[in-house]
Amino acid sequence: MKLNLEALKDASAFEKQGIQLPGYDVAAMQAKAKTNPKWVHFGPGNIFRVFIQRVADDMLADGKEWPITGVVLTNPEEIDKQLAPFDLLTLGVILSKDRTIRVLGGLGEALTSRREEDFKRLVQIFKDPGMTTMSFTVTEKGYAIHDSHGELLDIVKEDIDSDPCGYLKNTMSLTAGLLYNRYKANAAPINMVSTDNFSHNGDKLRDSVLTVAKGWQAKGAVEDGFVEWLKDGSKVAFPISVIDKITPRPSEEVSEYLAGLGFEDMGIDHVGRKPVAGFVNAEPTEYLIIEDKFAAPRPPFEDYGVYITDRETCDKFERMKVTTCLNPLHTALAVSGCLLHFPTIDSEMRDADLAKMVSILSYKESLPVVTDPGIVNPEEFLREVLEVRFPNAALPDNPARIAMDTSQKLPIRFGETIKEYIKREMDLNELKVIPLVFALWVRYLMGVADDGEPFTPSSDPLLEELQKHVEGINLGDSVDAHAVLKPILSNANIFGVDLYTTPLAEKVEKLFTRLIAAPGAVRTTIHEEIN
């Protein structure tokens with residue numbers, strides 16, 4: 001068995017293994033999508049392929065034609081290794097006690113902004129008024145146009161000095177440039193839907209695009225009308241959204257399982273350090289909540305398991321998930337798991353200390369400031385996370401994957417809770433796990449595990465900058481923690497607040513001193529703090 005359009009002609013081979021196939025002619029859909037593009041997606045990675053693409057696949061099966069043009073932004077090899085060999089199909093493997101497997105269509109075309117011909121095609125698509133919806137899963141760092149000190153990144157400065165209609169390097173500059181091409185062609189309305197996993201993603205998308213556009217405006221490179229068009233929510237809509245579905249990197253065990261079913265092409269390849277495959281493994285649970293703020297025709301999301309609701313409900317659900325009931329727990333387990341050599345998140349949940357750590361973090365420190373979104377009960381959501389989702393042994397999620405871009409996640413996952421404590425005049429001295437997580441993260445930046453063995457921290461846009469503050473520190477060294485950590489802990493862009501305006505900075509300094517005392521100090525400190 002193989003995963004491609006030719007193989008789909010023999011449905012019996014798939015059906016024999018209980019694999020669900022698309023309920024439409026995929027080849028015909030892809031041919032039509034090239035002449036009638038309607039929906040563009042930046043970043044067709046794993047969560048897109050198993051969730052957003054599934055939504056499009058369901059729509060197409062019902063005769064609602066919203067095929068997606070997927071755009072790879074970083075390395076063109078992602079198309080060559082992850083999409084093209086499988087004719088843009090994905091094998092979705094849902095991991096629970098009983099695996100379910102499904103062939104997912106939904107992608108009508110795949111392009112990369114890094115190839116000249118594809119870029120020209122992308123500009124053409126953006127000029128087409130029939131293309132009305134653009135969505136994103138580019139991770140938090142994809143929206144970054146400033147460094148940790150609030151200065152424009154050099155790559156963005158270069159883009160602002162470049163032709164707005166030409167090839168641009170930064171993802172937000174590229175987005176702004178494509179929108180300018182659309183504005184000049186017909187100024188047709190469009191929906192810009194970020195589905196990335198961070199707070200107020202649509203607002204961040206709008207702000208980043210507008211910053212680039214205003215940079216061009218200041219240089220006289222674009223008309224004033226372009227900036228006004230971007231600001232007009234009836235012409236260009238930037239709804240916020242909240243997404244939730246744990247989608248680990250492709251698992252070797254799942255690859256071997258698929259080979260046992262007869263698949264010849266479900267091995268795991270790599271694009272740089274990133275593992276890629278024709279399949280995506282994910283948990284069954286999924287949520288997508290989108291603000292009902294659109295400027296143009298859009299896919300009928302609400303008919304396919306997506307909540308379309310008001311901004312207040314999005315905010316409440318987002319706050320519940322991102323700042324309380326899931327994401328902070330993930331980060332806590334990620335950095336501690338890397339330091340303690342845990343292979344998976346579920347294995348950490350079978351460790352008494354780590355399970356207790358995230359329970360205290362969620363129930364005692366974060367839940368008191370959460371707001372009930374109405375559509376989901378926070379305590380029930382949290383209970384499912386701690387008792388079902390994180391301990392799911394069929395979902396082998398790697399702590400190193402979760403630890404990616406932690407500097408970009410901390411202000412939302414923890415900073416919002418700290419600010420809420422301050423706003424409500426609650427006692428920050430009561431917090432034990434939040435400062436422990438901060439100290440563990442700084443300890444993690446050293447790239448030395450609890451046993452003294454070196455490891456490579458996950459990618460992070462601030463990694464090189466931050467590691468300079470802790471370089472040269474060895475376990476057992478006597479260090480001035482205040483001098484070492486002040487440049488980090490005082491950075492409100494990282495923590496949401498300057499920690500030195502709170503009692504937390506001193507706590508982090510003391511904890512860091514204990515964490516570097518000797519091999520084994522991470523395990524000892526965690527145990528002592530949570531008990």
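How many bridges join strand 6 to strand 7, and do they run parallel or antiparallel?

1. Strand 6 (residues 133-136) and strand 7 run parallel and are joined by four bridges. Strands here are DSSP runs of E with at least two residues, helices are runs of H or I with at least four residues, and both are numbered from the N terminus. Two strands count as paired if DSSP finds at least two bridges between them. Within this pair, M134 stands opposite M192 of strand 7.

2. The basis of these notes is a predicted model, in which local features need pLDDT of at least 70 and side-chain atom pairs count only at pLDDT 80 or more, while totals for chains, interfaces and linings use all residues. Residue numbers start from 1 along each chain as its sequence is written, and side-chain values use heavy atoms, with hydrogens and water left out.

3. Strand 7 also runs parallel to strand 8 (residues 236-237), to which it is joined by two bridges. Here I190 stands opposite V236 of strand 8.

4. Is strand 7 buried or exposed? Five of the five residues of strand 7 (residues 190-194) are buried, so this strand is largely enclosed by the rest of the structure. Buried means under 20% relative accessible area, exposed means over 50%, and partly exposed lies in between (1.4 Å probe, protein chains only). In a regular strand the side chains alternate between the two faces of the sheet. Both faces of strand 7 are covered, with I190, M192 and S194 buried on one side and N191 and V193 buried on the other.

5. Strand 3 and strand 4 pair in the antiparallel sense, over five bridges. The two strands form a hairpin with five residues between them, and L91 stands opposite V103 of strand 4. Four of the five residues of strand 4 (residues 100-104) are buried, so strand 4 is largely enclosed by the rest of the structure.

6. What does W441 touch, leaving aside residues up to four places away in sequence? Its contacts (heavy atoms within 4.5 Å) are V335, T406, S407, L410, L466, I488, I494 and F495.

7. The structure holds two cavities of 30 Å³ or more. A cavity is a set of points, on a 1 Å grid over the protein atoms alone, where a 1.4 Å probe fits but cannot get out; lining residues have an atom within 4 Å of a point. Points are joined across faces, edges and corners, and the volume is the space filled by probe spheres set on them.

8. The largest cavity has about 40 Å³ of space. Its lining consists of W39, I52, V55, S135, V193, T195, L288, I290 and F301. Helix 4 (46-61) and strand 13 (287-291) each supply at least two of the lining residues. By class, seven are nonpolar, two are polar and none is charged. Ala, Val, Leu, Ile, Met, Phe, Trp, Tyr, Cys and Pro count as nonpolar, Asp, Glu, Lys and Arg as charged, and the others, Gly among them, as polar.

9. The second largest cavity holds about 30 Å³. I246, H330, I345, D346, R389, F390, N392, L395 and D397 line this cavity; four of its lining residues are nonpolar, two polar and three charged.

10. D87 has a positive phi, near 55°, and lies in the loop between helix 5 (77-83) and strand 3 (90-94). D87 is partly exposed, at 27% relative accessible area. A187 also has a positive phi near 55°; its place is the loop between helix 8 (171-185) and strand 7. A187 is partly exposed, at 24% relative accessibility.

11. L463 lies in helix 20 (residues 463-470) and is buried, at 15% relative accessibility. Not counting residues up to four places away in sequence, L463 touches L445, P457 and S458. The C-alpha atoms of L463 and E264 are separated by 39 Å, the two residues being 199 apart along the chain.

Key: 1 Å grid on protein atoms, 1.4 Å probe; cavity = no way out; pocket = protein on both sides within 12 Å on 5 of 7 lines; lining within 4 Å.
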